[in-house]
Amino acid sequence: MTPFPDIGTWVAALLTLFALSFLYKDNPLFRFTESLFAGVSLGYYVGTTLNQTLVPNLIKPLTHDFNQNWDLLVPGLLGLLLYMRYVPKTGWVARYALAIYVAYYIGLDFTRRIHGEVLPQLGRAIVPLSHLDGHTIFYSLVFAIGVFSVLIYFFFSKEQDQVTRRIARVGIWFLMVSFGAAFGFTVMGRVALLIGRLNFLILDWIYPLIGIR
Amino acid sequence: MAGFVDTLLNLDRRWLFLLVFIGVALPIILPIGLPVTTTGSTRAAFEHIEALKPGDYVIISFDYGPSSAPENDPMAEGIMRQCFLKRVRVVVMVLYQLGGLQLANNALAKVTAEFPDLKYGVDYVNLGYKDGAAAVMKRMGDDIVGAFPTDVRGTPLAQIPLFKGLHSLKQVGVVVTIATGIIGEYWITQAHQQSGVPIIIGPTAVGAPKYYAYLNAGQLVGMLGGMKGAAEYEKLLAARYPPLDRLYKTTHAFTATKGMDAQTVIHFIIIVFILIGNIAYMSRRAAQKRAAAAR
């Protein structure tokens, strides 16, 4: 006996159809679904922030063992200060908290970018060709030409002359190929989402509804 | 001819939507079983996990939400199955706030049901969600328990047998980040660079191109790019493990391999319409030039 789709499946299936109905034309069912989705997402976001971030990381440690966790008052207070911007007279206080957050992220991201991105990528771009086999030399050459020509294309401090203009032209070709590859991947990703939705509609809703499987 | 070309160029786009809809729905109803070829980056990921020994640790980080689940779910499930078949211990964690935990719970429940002899706390653990992705990774580099004092059920990690010998990322065989957005990048540029832990990434197709640079620089041991990468992984799993071959062939549930049938059909439709659109456009332009020359 095939189980009849439950209420959750019905709601999800109908909302999926309402969302897809926009492809035919704009309509109230689509608008309803769009608003519902925005509202539910916001509610979910607030709920998870409260239950999975604030409660376990701030409220619980403070209430269970204040002596060991009193230092959490500092980030808690900084978080509260951010909301002072809604009080016109004391809005400036929020800037202090914001400044600390910005400084934190700059510090964290600066080392991450340099050590995790710039240096390893540069290291790969300047491998000695003499130590590589013919196959790898070809790819390394293409790689090096691509990096060099694209860098020239994005070098804006000096007006381009005849030579640099031609190199920049090669850079544009490299960029176009990469944009094409990115677009192809994007199409594949978007189609995958449609496949996921239709799989749900057919396998989880229509099939049980008509008694298949 | 001119009338036909004009009809093509002015075709209501809703006909194309309908064609795409049919192109996706038909292969789901009547699977074609088109072949999937594997790429080096997916094979490298597969072989890295194959090379792990029973008892080694793998972290699977669910860094995606429901919006990319059709691409990412099959990756997470496939890698989990491989780990459990090899008796590699799996630590599941979540760094993506919107729905990541629910997806991790679902995937873990689905796959562990296929391996009834596995024990929670011994063979696998679910650490749940933690906010502040980059900061969490930084802490895990030295002290996993410091980053996740308890698992998803609220049990202190000190009481979980799996964590008797696992203290930092340096002891982990590989971190698999199934990622949408920037969290995958954090694993590479922060966790890998600081602790040296090998990283495998399963990005969405949209995010895949940027990770080739990391792959090329040796910062990733492997990558499963989008649904295609997931389908490749399923093929490698099915070829190496007969029970999984049976599972993927007999399951009525969604798999990436089945999804690739629809992908291929849609790509064919898109290519055909790009060609038709360009030919029709060039035909009309040539006709306009001829008309202008005749005047």
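**Entry 1: helices H2 and H12 of chain B**

I started with H2(B) and H12(B), which are roughly antiparallel to each other. The angle between them is about 155°, and their axes are 8 Å apart. The label follows from cut-offs on that angle: under 35 degrees is roughly parallel, over 145 roughly antiparallel, 65 to 115 roughly perpendicular, and the rest oblique. Axes are lines fitted to C-alpha atoms, for helices over the stretch in contact, and angles run from 0 to 180 degrees between N-to-C directions.

The model I am reading is predicted: local features need pLDDT of at least 70, side-chain atom pairs count only at pLDDT 80 or more, and totals for chains, interfaces and linings use all residues. Residues are numbered from 1 along each chain as its sequence is written, while chains are lettered from A and ligands numbered from 1 in the order in which they are written.

I noted that H2(B) crosses H12(B) in the right-handed sense. A crossing is right-handed if the near helix is turned clockwise from the far one by less than a right angle, and left-handed if anticlockwise. From H2(B), the contact takes Leu16(B), Leu19(B), Val20(B), Gly23(B), Val24(B), Pro27(B) and Ile28(B). From H12(B), it takes Asp261(B), Ala262(B), Val265(B), Ile266(B), Ile269(B) and Phe273(B). Contact here means C-beta atoms, placed from the backbone, within 7 Å. I sorted this contact by class and got 11 nonpolar, one polar and one charged. Ala, Val, Leu, Ile, Met, Phe, Trp, Tyr, Cys and Pro count as nonpolar, Asp, Glu, Lys and Arg as charged, and the others, Gly among them, as polar.

**Entry 2: chain B as a whole**

I counted 12 helices and six strands in chain B. Both are DSSP runs numbered from the N terminus, with at least four residues (H or I) for a helix and at least two (E) for a strand. The C-alpha trace of chain B spans about 90 × 40 × 30 Å along its principal axes. Of the 295 residues in chain B, 46% are buried. Buried means 20 or more other C-beta atoms within 10 Å, exposed means 12 or fewer, and partly exposed lies in between. I also looked up contacts in chain B between residues at least 6 apart in sequence, and 74% of them join residues at least 24 apart.

How is chain B divided by the domain assignment? Domain 1 is 2-30 + 259-294, and domain 2 is 40-254. Their C-alpha centres are 40 Å apart.

**Entry 3: where chain B touches chain A**

I found 37 residues of chain B and 36 residues of chain A in this contact. On the chain B side, helices H2, H4, H8, H9, H10 and H12 each supply at least two residues. Which of them gives the most? H2(B) does, with six residues. By class, this side of chain B has 22 nonpolar, 11 polar and four charged residues.

**Entry 4: chain A**

The domain assignment of chain A gives domain 1 (1-64) and domain 2 (131-208). I read 34 Å between their C-alpha centres. Seven residues of domain 1 are in contact with six residues of domain 2. The domain 1 side has four nonpolar, three polar and no charged residues.

I then took H6(A), residues 134-153, and H7(A), residues 162-210. Their axes come within 7 Å and cross at roughly 115°, so H6(A) and H7(A) are roughly perpendicular. The crossing is left-handed. Residues in the contact include Ile145(A) and Tyr153(A) of H6(A), and Phe174(A) and Leu175(A) of H7(A). By class, the contact has 10 nonpolar, four polar and no charged residues.

**Entry 5: helices H3 and H10 of chain B**

H3(B), residues 40-50, packs against H10(B) at about 50°, with the axes 10 Å apart. The pair is therefore oblique, and the crossing is right-handed. Thr42(B), Arg43(B) and Phe46(B) meet Gly229(B), Glu232(B), Tyr233(B) and Leu236(B).

**Entry 6: two arginines**

Arg87(B) sits in the loop between H4 and strand E2 of chain B. Phi of Arg87(B) is near 60°, a positive value in a residue other than glycine. Most residues other than glycine have a negative phi. Arg87(B) is partly exposed, with 15 other C-beta atoms within 10 Å.

From Arg285(B) to Ala51(B) I read 59 Å, C-alpha to C-alpha, and 234 residues in sequence.

Key. Two residues are in contact if their C-beta atoms, placed from the backbone, lie within 7 Å. Domain bounds come from an automatic or database domain assignment.
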